[in-house]
Amino acid sequence: MTEHFPVLVIIIPLVLALIAPVAGRLNKIYSWAIALLATLFSFITSMLLLHQVMYNGTISYWMGGWEPPWGIEYVLDYLSAFVLVIVTFLAVAVTIFARHSVTNEIDDNKIPAFYGVYLLFIVGLMGMIVTGDIFNLYVFLEISSLTGYALVAMGKRRKAPLAGFRYLVIGTVGATFILLGIGYLYIATGTLNMADLGARLPGLFNSKLVITAFAFFAIGFSIKIALFPLHTWLPDAYTYAPSAVSALMASTGTKVGAYSFIRIIFTVFGVKVFLNQWVSVPYFFLIIASVAMLVGSILAIAQTNIKKMLAYSSVSQIGYIMLGVFLMNPIGLQGGLLHIFNHALMKCALFLSVGCIAYKTGISNINDLKGLGFKKPYAMAAFTIGALSMIGIPLTVGFVSKWYLALGSLENGMWYLIPVIVISSILMLVYFWRVIDNIYFKAGEPNDVAKIPATPASMIIPTIIVAALCLVFGTLAFIPVSITEKAALLLLG
Amino acid sequence: MMEFILAKYNYWIYVIIMMIGFYAVISKSNLIKKIIGLSIFQTSVFLLFISIGKVDGGTVPIYQGTEAVYINPLPHVLILTAIVVGVSVTAVAFALVVNIYREFGTIEENAILEMIKHDD
């Protein structure tokens with residue numbers, strides 16, 4: 001049984017995703033219960049897998065018993081098991097949150113289908129994490145993208161289907177570029193297994209074909225993770241999606257894309273691909289990442305819609321992750337991997353608390369938050385913790401990853417990246433302070449505030465837990481730090 | 001030069017078809033035409049994959065008792081999967097366009113943008 005966990009972690013939710021809409025016909029609550037069951041199962045299984053990886057080393061699962069590189073291989077090492085735990089944990093938290101939030105935001109007759117699509121989205125993400133085969137990666141990528149388009153379009157606002165459509169057009173172009181990259185690598189090597197590609201490609205780094213393949217992957221994944229200037233789909237998609245979907249997509253969707261990009265760069269191509277090229281690719285991406293960090297923060301300041309503000313702040317956070325990745329040294333890469341983990345927690349806490357405020361009130365404007373600090377103390381406390389963590393105050397998770405990113409920049413002698421990190425953090429302080437000022441220090445209209453209904457405990461509790469984890473892993477930082485350290489060394493191996 | 005083009009004609013065809021599709025995606029305001037462009041864009045990549053499986057003088061990859069040169073069936077299998085993905089993309093896109101039409105009464109992007117200019 002346990003030896004089949006790497007595949008069961010995906011198969012069980014996949015089967016339940018098909019059952020959920022049918023069961024929902026009997027009673028809507030069943031489809032939610034099945035979604036919770038599926039995500040809980042995946043979370044527990046992935047914890048066991050991480051435990052196995054820590055004690056017994058990398059797990060390689062051969063699909064149907066076919067030996068790689070002929071068969072499809074699922075690989076769980078420090079990195080993939082770690083990201084899998086993050087994604088499944090946040091999926092559980094968001095699913096608990098979703099019960100009341102979704103009933104409030106989505107038409108009754110669509111709820112069973114919603115949970116089916118929602119589970120498929122999570123299945124796609126988990127598949128992208130565990131697979132060791134690049135074509136399999138493409139298929140799972142498309143599963144998560146297609147369901148993502150549908151989930152965005154389920155929003156209540158009239159712009160939601162349009163945001164979903166735009167995301168679909170841009171996302172499909174990105175995915176097709178990735179498919180082209182896979183095709184070029186197949187032409188060059190005749191294999192699709194990541195480890196096998198990693199062994200065969202180093203001899204071919206002078207080939208234009210391989211370099212073009214990398215360019216296709218780079219552009220395709222930059223679209224998928226919304227790296228500036230290919231981020232245009234993201235703000236609308238996050239803003240108009242239902243609250244639960246924004247929380248899930250913002251915390252896991254782009255992170256898993258970044259994880260796959262890291263796999264392609266380090267496992268498939270290897271760092272040596274960047275040597276002896278006519279342009280320094282890591283340097284180019286460092287510039288792009290720095291611009292993303294600054295522009296994302298500046299655009300976030302300009303927003304009045306709180307979800308849109310958080311969405312633009314995601315654009316700048318992706319810049320942080322890519323900065324760490326393209327520093328190409330162990331400490332910087334570790335910072336990037338830590339930021340995947342930290343940003344997932346922080347953004348989830350922020351979007352969940354925004355979802356708590358929007359419950360039955362539909363509040364989305366920053367000016368309407370006046371006086372809510374005392375009306376909704378728990379949700380607003382969670383928001384504040386998330387905001388402090390984004391800024392990078394010590395004892396929160398945001399500080400840990402920024403510290404490693406700064407150390408990584410120094411390691412490369414790129415001291416000029418540190419002011420970029422600091423300035424971007426100060427800009428974050430500006431836009432988060434505006435919200436916190438409204439929440440705690442400005443009195444709202446007493447009549448309006450009194451009319452705001454209470455938030456159900458099933459929405460508050462996951463919000464509080466995720467926010468509390470921002471503090472827990474900020475203080476007990478050695479847990480993620482030790483895992484990402486091993487993962488970074490494994491990637492740079 | 002001419003030989004260079006003719007020797008790799010399948011690659012040229014895929015690039016040209018791809019750019020036709022990409023042009024439609026970028027320039028057309030009608031959402032259905034955008035989807036058509038997107039389909040053409042994806043199909044060009046399918047053609048690339050299918051054409052690279054060709055082996056000169058190769059036959060159908062079914063073992064018939066004698067040694068023979070077979071074409072490479074793997075890219076074709078991959079593309080069967082990719083076609084399914086492409087169909088799903090088109091289906092989801094059409095569903096979204098139906099929703100957009102119900103909401104706005106038009107599928108011209110310019111007209112919709114005009115309508116939502118004052119929404120936040």
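**Exercise 1. Find which residues of H13(A) meet which residues of H16(A), and describe how the two helices pack.**

Solution. Begin with the contacts, where two residues count as touching if their C-beta atoms, placed from the backbone, lie within 7 Å. On the side of H13(A), the residues that meet H16(A) include A:Ile331, A:Gly332, A:Gln334, A:Leu338 and A:His339, while among their partners in H16(A) are A:Val397, A:Val400, A:Tyr404, A:Leu405 and A:Glu411. By class, this contact has nine nonpolar, nine polar and one charged residues, with Ala, Val, Leu, Ile, Met, Phe, Trp, Tyr, Cys and Pro counted as nonpolar, Asp, Glu, Lys and Arg as charged, and the others, Gly among them, as polar.

The model is predicted, so local features need pLDDT of at least 70 and side-chain atom pairs count only at pLDDT 80 or more, whereas totals for chains, interfaces and linings use all residues. Residues are numbered from 1 along each chain as its sequence is written, and chains are lettered from A and ligands numbered from 1 in the order in which they are written. Helices (H or I, at least four residues) and strands (E, at least two) are DSSP runs, numbered from the N terminus.

Next, take the axes, which are lines fitted to C-alpha atoms, for helices over the stretch in contact, with angles from 0 to 180 degrees between N-to-C directions. The axes of H13(A) and H16(A), residues 397-411, come within 8 Å and cross at roughly 160°. That makes H13(A) roughly antiparallel to H16(A), a label for angles over 145 degrees. Finally, H13(A) passes H16(A) in a left-handed crossing, meaning that the near helix is turned anticlockwise from the far one by less than a right angle, with clockwise giving right-handed.

**Exercise 2. Determine the angle at which H10(A) and H13(A) pack, and the hand of their crossing.**

Solution. H10 (residues 243-269) and H13 (residues 330-358) of chain A pack at an angle of about 165°, with their axes 7 Å apart. That makes H10(A) roughly antiparallel to H13(A), and H10(A) passes H13(A) in a right-handed crossing. Among the residues in contact are A:Ser243, A:Ala247 and A:Tyr259 in H10(A), and A:Ile340, A:Phe351 and A:Ala358 in H13(A). By class, this contact has 12 nonpolar, six polar and two charged residues.

**Exercise 3. Work out which helices of chain A give two or more residues to the side that touches chain B.**

Solution. Start from the totals: 24 residues of chain A are in contact with 27 residues of chain B. The elements that give two or more residues on the side of chain A are H5 (134-153) and H6 (160-189), and H6(A) gives the most, with 13 residues. By class, this side has 15 nonpolar, six polar and three charged residues.

Technical notes. Parallel < 35°, antiparallel > 145°, perpendicular 65-115°, else oblique.
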